[in-house]
Every structure is written in structure tokens, then in C-alpha cells.
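Let's take a walk through a protein model together. Have a look at the sequence and the 3D view below, and then we will start with one of the ligands.

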Amino acid sequence: MNESEEIKRQKQYIQKVKEMNQNKRLKYTILTMGCQLNENDSEKLCGMLEQMGYDRTENQKEADLALFNTCCVRENAEDKLFGKLGELKRLKEEKGIIIAIGGCMMQEKHITEKIKESYPFVDILFGTHTLHKFPENLYKALKEKKKLKDIIDIDGEIYEGMPIKRNSHIKASVTIMNGCNNFCTYCIVPYVRGRERSRQPKDIIDEVKDLAKQGYQEITLLGQNVNSYLRVEQEKNIKFEAYEGVHSFATLLKAINKIEGIERIRFVSPHPKDFTDDVIEAIATCDKVCNLVHLPLQSGNSKVLKEMNRKYTKEQYLALVEKMQKRIPNLTLSTDIIVGFPGETDEEFEDTLDVVRKVKFEQVYMFIYSRRMGTPGDKMENQIPEEQKHKRFDQLKALVESQIQENNQKYVGTIQKVLVEGESKNNKDLLTGRTDSNKVVIFEGNKNLIGTIQNMKIVSEHMWYLKGEM
Ligand code: 5AD
Ligand code: SF4
């Protein structure tokens with residue numbers, strides 16, 4: 001692994017904080033908002049904190065440090081953060097808890113200004129490009145009792161070799177690229193995560209091999225745009241070292257498919273416009289790549305898609321689905337849809353429903369359009385009234401739920417391979433796992449099955465889960 005001088009420096013800060021905290025048995029809480037990339041960043045923050053002598057707690061009252069990893073893709077996350085900060089004010093006054101906020105929202109100036117003004121007791125603010133410097137910032141906050149703001153606008157490098165504390169022993173996320181170059185007009189991500197940069201093939205392969213050695217069964221490759229992995233590097237002649245034949249997303253899938261011990265490979269999120277034939281071919285021929293593909297639609301109407309700057313039409317999306325279905329046996333699809341984008345008419349929204357009816361997605365993540373300051377969508381004049389947006393959302397939800405029920409019926413009586421993940425949250429006597437198509441299966445079984453893949457007969461369906469029998 002290419003551990004840089006910078007990471008070596010941060011590891012020295014980890015030691016310093018650890019020494020300061022010796023014999024103190026300190027505790028931290030972490031609240032992560034948003035996508036799987038943020039979850040993966042939080043796993044890195046937890047890794048650093050635990051090496052610095054902090055243990056995780058879910059009880060805010062006993063915490064010595066509270067950390068927020070924020071998201072700004074939709075507005076509701078802001079309300080959540082400010083609500084939490086209000087709660088923490090008392091803990092700050094009573095016991096001097098350290099409060100740190102990081103992530104995408106910190107890249108937005110109006111948010112950091114609001115924090116400075118209304119929540120001046122926050123100790124550390126850090127952005128998406130300075131996450132790796134958390135040990136140094138924490139050290140300074142503890143030692144010098146300073147309020148710190150470590151936010152930069154230039155694209156951060158990709159740092160290797162940071163500690164990590166993963167949430168699961170069975171499934172692991174591996175970030176393969178950062179940033180986005182697409183500038184969909186509704187989306188804030190390109191402004192807060194910067195331009196696309198890919199990790200070196202060797203660093204990814206080594207990480208996955210190491211995960212396999214530790215017994216991990218499932219890997220999810222993450223990126224804002226996974227299927228343009230190494231594309232910018234190729235186009236701009238930026239040097240990268242091909243390794244085990246990896247020079248693109250398709251070749252990366254193939255290389256990971258060969259790693260012994262890993263049984264399942266997933267990836268989120270690809271962009272339909274970059275879904276090249278070699279990727280379709282790789283999914284079809286790599287036995288470990290799951291047959292559920294997430295293919296964000298956003299809207300089913302070509303005019304709205306153009307306004308969204310998605311660079312495909314309704315017809316092109318449907319043609320891509322058809323091509324994939326022909327080549328990939330048992331393909332299932334999930335998607336993201338936004339309702340109420342500026343200017344969307346009832347007829348245009350009908351096109352979205354039409355695509356949903358045609359494709360019969362396994363799962364649909366539905367979002368009400370949320371204005372994001374600084375994006376072109378926010379400046380569009382023909383914003384849709386909230387009431388209208390909600391009406392469309394409910395309409396889509398009803399259609400999706402009826403399709404899920406219908407689709408669930410198809411599972412009943414079939415045999416599914418289920419990766420057993422652990423005890424069921426609602427009933428400790430039952431186990432829970434997931435099919436290749438990511439459906440939750442609940443069943444009775446011995447706890448020593450956790451972490452294995454089992455053949456399971458599906459006996460009934462219950463909207464959000466299936467019931468199985470060994
Ligand atoms: N409003 C609503 N949904 C959004 N998404 C991204 N930006 C917005 C926004 N401004 C949704 C998209 C994306 C998913 C991660 O979040 O559907 O695929
Ligand atoms: Fe946002 Fe579009 Fe980039 Fe996805 S592809 S992160 S929706 S700008």
C-alpha cells in the first residue's frame with residue numbers, strides 16, 4: 001500500500017492523542033448521514049478514533065466526543081444536524097464534550113457560516129478533502145483548546161493506509177473513486193466532492209485480498225460514478241499503474257472476481273451513460289458479480305432528463321435495459337428517481353411511471369426534488385409546488401409498492417442463495433440474510449451459519465422481507 005508521508009504524519013498525531021488520553025477510557029458517538037460513501041468515510045473516522053483511545057457508544061450522554069459525518073444531497077439532513085447541535089449544547093456546557101462535524105455539508109459556505117454564528121461551541125469543522133487530517137485537528141482542539149476549521153476547495157488526494165473500523169465482519173465497502181464530473185443540474189455532489197479521481201488498481205486489489213483473508217464474503221465497490229473508474233486518467237493521460245490487467249471498471253470487476261474467498265461483488269452507483277458493453281460483458285461472465293444492478297433513472301421523460309443534464313433519453317435508457325437483460329441471465333434492477341424537478345409536467349411525470357411499469361425494478365429509491373443552493377436547478381424559475389411534488393411521490397410510491405408485492409410473489413417456492421448476516425433486529429431468535437438480488441430473508445437457524453451462504457426455500461413474502469426455510 002502506498003502510505004504517504006502525510007498519513008505517516010497523521011499516525012504520529014494518533015499516537016500523541018492516544019498518549020494524552022491514556023487511562024481515561026473515553027467514549028465517542030458518531031452520526032452518519034447520507035450514502036454508502038459517507039458510511040465508508042465514517043468507518044475510517046471510527047478507525048482513527050479507536051486507535052486514539054476512544055470507544056464507541058450509542059449513548060450521547062456518556063460521550064466525550066460527538067462526531068457528525070454530514071450529507072447535503074437533500075435538505076432534510078440540515079434540519080437533522082441543527083436539531084442535534086441544539087441537543088448537544090447542554091452537554092458542551094456541562095462536561096465540555098468535544099464536537100466535530102465533517103463531510104459534504106461542510107463544503108457549503110452558508111452552512112459553516114451558520115454554525116459559526118449560531119453554534120459557536122462546535123470545536124472542529126472539516127470538509128471532504130481533509131478527512132485524513134482528523135487526528136491532527138483533534139490533537140490541536142484538545143491541546144490548544146482552539147476552534148478549528150479545516151476545509152479546502154481543491155480536490156483532496158486519495159490517501160492510502162488510514163486505519164479503518166468496519167461495521168460488519170461479513171460485508172465490506174471499498175471506495176474505488178472519489179468525486180463526480182457529471183454536474184446533473186439538481187445535484188450538489190460535484191461541488192462538495194470535487195472532480196473524479198480513481199484509486200490505483202493495486203491499492204484496491206490489495207485491500208480486497210486483505211478483506212478476503214479476514215473472512216469477508218461480500219464486497220461493494222463505491223464511487224459517485226463507479227463505471228467511469230480510471231476514465232479521467234485514461235482520457236487525460238494521467239499516470240496510473242495497471243495491475244493484474246486492471247485499466248477500467250470492467251477489468252477491475254474481472255480481477256476482483258478472481259480473488260479467492262470473496263463470494264459476492266456489488267457496486268454503486270453507475271451512470272447509465274457510461275454503462276459500456278465491456279461492463280455488461282464483465283457482469284455476465286463474472287460469477288461473483290451479483291445479478292442486481294443499480295441503474296439510476298432519475299426521470300423517465302427525455303425533456304426532463306435533458307434539463308437534468310443526464311445525457312440519455314427515455315428510449316436510450318430502455319434500450320440499455322433491454323441489452324442488459326438479453327446478455328445477463330436473471331438480471332434484476334434497482335433505481336433512483338426524483339419527482340418534481342423544476343418544470344416537470346403531469347404528462348412528463350407519466351413517462352417516469354411508464355418506465356417503472358416497463359422495467360419492473362426490484363427496488364426504487366424515491367426522492368422529492370430538493371433545491372440545492374449553487375446548482376443550476378435551484379436557479380430554474382419553474383419550481384414545482386410542494387403539494388404537487390408530494391402528490392407525485394405518493395403516486396409513484398403506490399405503483400412501486402404494488403410492483404414489489406407482485407415481484408415478491410415470484411420468489412415464493414424458489415430456492416435462493418442467502419448470505420447469512422446475523423440475528424434479526426426485531427426477533428433475536430431468527431436470523432437474517434440477503435439474496436443475490438439483495439432481498440432480505442428472515443429464517444430460523446443456528447447462529448454458526450452467520451457469515452456463510454446457504455440455500456434457502458422461500459416460503460412467504462411480507463413486503464419488505466421474505467421468509468425462508470433451510
Ligand atoms: N433532490 C432530490 N434528490 C436528489 N438526489 C440527488 N440530488 C437530489 C436533489 N437535489 C438523489 C438522486 C441520486 C440520489 C443519491 O439522490 O436520485 O441518485
Ligand atoms: Fe450527482 Fe449526477 Fe454526479 Fe450522481 S452523476 S453524483 S447525481 S452529479
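Before going on, here is how to read the model. It is a predicted model, in which local features need pLDDT of at least 70 and side-chain atom pairs count only at pLDDT 80 or more, while totals for chains, interfaces and linings use all residues. Residues are numbered from 1 along each chain as its sequence is written, chains are lettered from A and ligands numbered from 1 in the order in which they are written, and side-chain values use heavy atoms, with hydrogens and water left out.

Now move to ligand 1. Around this ligand you will find Val 73, Arg 74, Tyr 186, Gln 298, Asp 336, Ile 338, Phe 367, Ile 368, Tyr 369, Ser 370 and Arg 372. Its shell has 6 nonpolar, 2 polar and 3 charged residues. Look next for polar contacts (pairs of N or O atoms within 3.5 Å; within protein, one must be able to donate a hydrogen and the other to accept it, and residues adjacent in sequence count only if both atoms are side-chain atoms). Gln 298 places a polar side-chain atom 2.6 Å from an oxygen atom of ligand 1, and for Arg 74 a polar side-chain atom lies 2.9 Å from an oxygen atom of the ligand. Ser 370 uses a polar backbone atom, 2.8 Å from a nitrogen atom of ligand 1. Taken alone, ligand 1 exposes 410 Å², and the protein buries 85% of that; such areas come from the Shrake-Rupley method with a 1.4 Å probe, and for residues only the protein chains shown count as cover.

Which residue does Arg 372 pair with in a salt bridge? The partner is Glu 78, with the closest N and O atoms 3.2 Å apart; a salt bridge is a side-chain nitrogen of Lys or Arg within 4 Å of a carboxyl oxygen of Asp or Glu. The pair links distant parts of the chain, 294 residues apart: Glu 78 is in helix α3 (residues 76-95) and Arg 372 in the loop between β14 and α14 (376-379). Helices (H or I, at least four residues) and strands (E, at least two) are DSSP runs, numbered from the N terminus. Glu 78 is buried at 11% relative accessible area, and Arg 372 is buried at 3%. Here buried means under 20% relative accessible area, exposed over 50%, and partly exposed in between (1.4 Å probe, protein chains only).

Another salt bridge joins Arg 327 and Glu 281, with the closest N and O atoms 2.6 Å apart. Arg 327 lies in helix α12 (residues 314-327) and Glu 281 in helix α10 (residues 277-285), so this pair ties together parts 46 residues apart in sequence. Arg 327 is partly exposed at 35%, and Glu 281 is partly exposed at 32%. In total, the structure holds 42 salt bridges.

Definitions and conventions: Near = heavy atom within 4 Å. Nonpolar A, V, L, I, M, F, W, Y, C, P; charged D, E, K, R; others polar.
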